[in-house]
Amino acid sequence: MLDVIFLPVRQLGSVVLGMIFGLGRSGMFLVYAMALIFVPPYKPDRIIKQLRFTGVNSTFIVLLTGVFTGMVLAIQGYYSLNKFAAASLLGPIVALSLIRELGPVLSALMINARAGSAIAAEIGIMRITEQIDAIEMMALNPVRYLVVPNLIAGMIAFPILSVFFDLIGIYGGYLVGVKMLGLSEGSYFGEIRNMVTMKDITVGFYKSVCFGIIVSWISCYKGYHAGYGAEGVSKATTESVVVSSVLILVWDYFMAAFFF
Amino acid sequence: MIAVDNIHKSFNARQVLKGVTLRVEKGDILAVIGGSGAGKSVLLKHIAALIRPDRGSILVDGIAVPALRGRQLEAYRARLGFLFQGGALFDSMTVYENVSFTLHEKTRLKEKEIREKVYEMLGHVGMRDEGDKFPAELSGGMKKRAALARALITSPEIMLFDEPTTGLDPIIVNSVLQYIKSTHDDLGFTGIIVTHEIPKIFSIVQRVALLIDGTIVSAGTPDEIQSSDDPVVRHFLSGGDDGAGSEKP
């Protein structure tokens with residue numbers, strides 16, 4: 001009888017303990033990998049390879065989403081601003097939205113979907129086929145070899161791609177606002193110059209560096225601790241994308257509130 | 001010397017090792033034979049410090065393996081070679097890159113010297129012409145031989161082989177076993193081979209241990225094991241054809 005009463009409590013306790021254990025383990029994984037960044041030997045060839053994979057290969061998808069995001073912002077912004085006879089402020093609205101918020105967040109989500117999932121799957125397959133054990137048996141540190149280059153590449157590639165996203169988005173807004181809706185080119189770019197400050201740019205930069213760390217950390221962690229077989233890798237990949245995406249949005253709120 | 005004393009290991013509720021004790025003298029090769037799922041690979045991974053025991057001790061030349069961490073662990077593993085059951089080749093690298101990986105990472109050899117060493121090793125395992133291929137382009141036997149070349153390239157003091165001949169045809173089995181023997185004669189490594197290759201394995205090892213259901217039920221020289229009157233040993237060596245009717249009477 002008592003078992004029936006306490007079973008749900010025990011199960012709830014087990015779930016909570018599991019979550020606390022998972023949080024602690026993933027936190028320690030990040031701290032350890034971040035510490036290894038500063039400890040030689042460095043792996044420039046691995047970092048360049050990851051930069052190519054995470055950064056260069058994501059450029060097209062980031063530019064594509066960036067230009068359409070800018071165009072949508074311009075259409076919606078023009079519609080709203082026109083009601084207040086403030087259509088001349090379309091440039092700053094598009095630019096500030098992109099630089100402070102949408103550029104870092106949407107580019108991070110796109111890179112997460114393209115590269116983060118692939119990193120989790122690759123490391124997960126290495127785990128289940130004992131390739132990570134093989135690295136350990138060669139007296140090498142698999143975290144240094146697999147995770148650190150991803151973290152560094154993430155911290156470099158995410159801000160650069162975010163800038164690409166911002167620039168192409170502003171250009172998309174220009175195409176819609178100036179070329180389609182007839183705003184003056186001078187007012188579009190002139191108001192951007194007047195209203196966008198250095199602080200706006202640094203906020204976007206800090207955000208995208210943090211998102212780079214989040215995506216690299218979660219995708220490597222999930223792959224590194226993948227379960228058994230194809231199902232384990234599939235679960236790790238899915239969890240990597242979902243957890244990274246949620247963390248990006250949650251962390252974005254805290255940074256937006258902090259830098260308000 | 002490798003000294004394993006009374007090690008226990010459970011995964012969730014399943015007890016895999018139930019007090020394994022064995023010794024391997026320096027320069028000897030021990031064959032660990034036993035049924036599938038008996039815990040042979042788990043035992044090997046304990047010695048490689050890839051898994052830590054719940055209880056018991058593992059001493060290698062007086063070093064307590066489960067207690068090793070950080071640089072001490074790296075130094076210990078630098079003395080080891082491990083041939084994984086599935087090969088564990090890096091699938092994004094060619095055979096040459098796989099075999100040369102440790103030399104690139106851990107030595108200061110020039111590329112020319114590495115190339116010579118790698119192709120010499122690939123020649124020993126009959127894969128001199130396969131250096132540019134990726135693991136996905138290789139048969140199971142070729143993967144195993146490439147993995148063997150990778151494990152032996154650093155001339156380790158201790159070699160751990162996890163089923164080095166499983167899935168190979170009889171001719172390749174003989175050549176791999178003979179290669180292990182000749183390498184052992186040259187390098188004098190201390191080795192443990194987990195295998196089902198009975199009776200061929202008896203000709204290249206100094207000692208044999210029979211692991212059944214997580215415990216060593218018998219150990220001795222190949223002759224002692226083959227002439228043993230122990231019904232468990234007889235039953236296993238006969239492949240169940242002795243009429244005993246169960247794995248552990």
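**View 1. Contacts of A:Ser208 in the predicted model.** Not counting residues up to four places away in sequence, A:Ser208 touches A:Pro104, A:Phe158, A:Pro159 and A:Ser162; contact means heavy atoms within 4.5 Å. A:Ser208 sits in helix α8 of chain A, residues 198-224. Helices (H or I, at least four residues) and strands (E, at least two) are DSSP runs, numbered from the N terminus. Is A:Ser208 buried or exposed? A:Ser208 counts as buried because its relative accessibility is 2%. Buried means under 20% relative accessible area, exposed over 50%, partly exposed in between (1.4 Å probe, protein chains only).

This is a predicted model: local features need pLDDT of at least 70, side-chain atom pairs count only at pLDDT 80 or more, and totals for chains, interfaces and linings use all residues. Residues are numbered from 1 along each chain as its sequence is written, chains are lettered from A and ligands numbered from 1 in the order in which they are written, and side-chain values use heavy atoms, with hydrogens and water left out.

**View 2. The open sheet of chain B.** Six strands run in the order β6-β7-β8-β3-β9-β10, with mixed pairing. Two strands pair if DSSP finds at least two bridges between them. β6 (80-83) and β10 (215-220) of chain B stand at the edges with a single partner strand each, so one side of each has no neighbour in the sheet.

**View 3. Strands β3 and β9 of chain B.** β3 (residues 29-33) and β9 (residues 207-212) pair in the parallel sense over four bridges. B:Ala31 stands opposite B:Val208 in β9(B).
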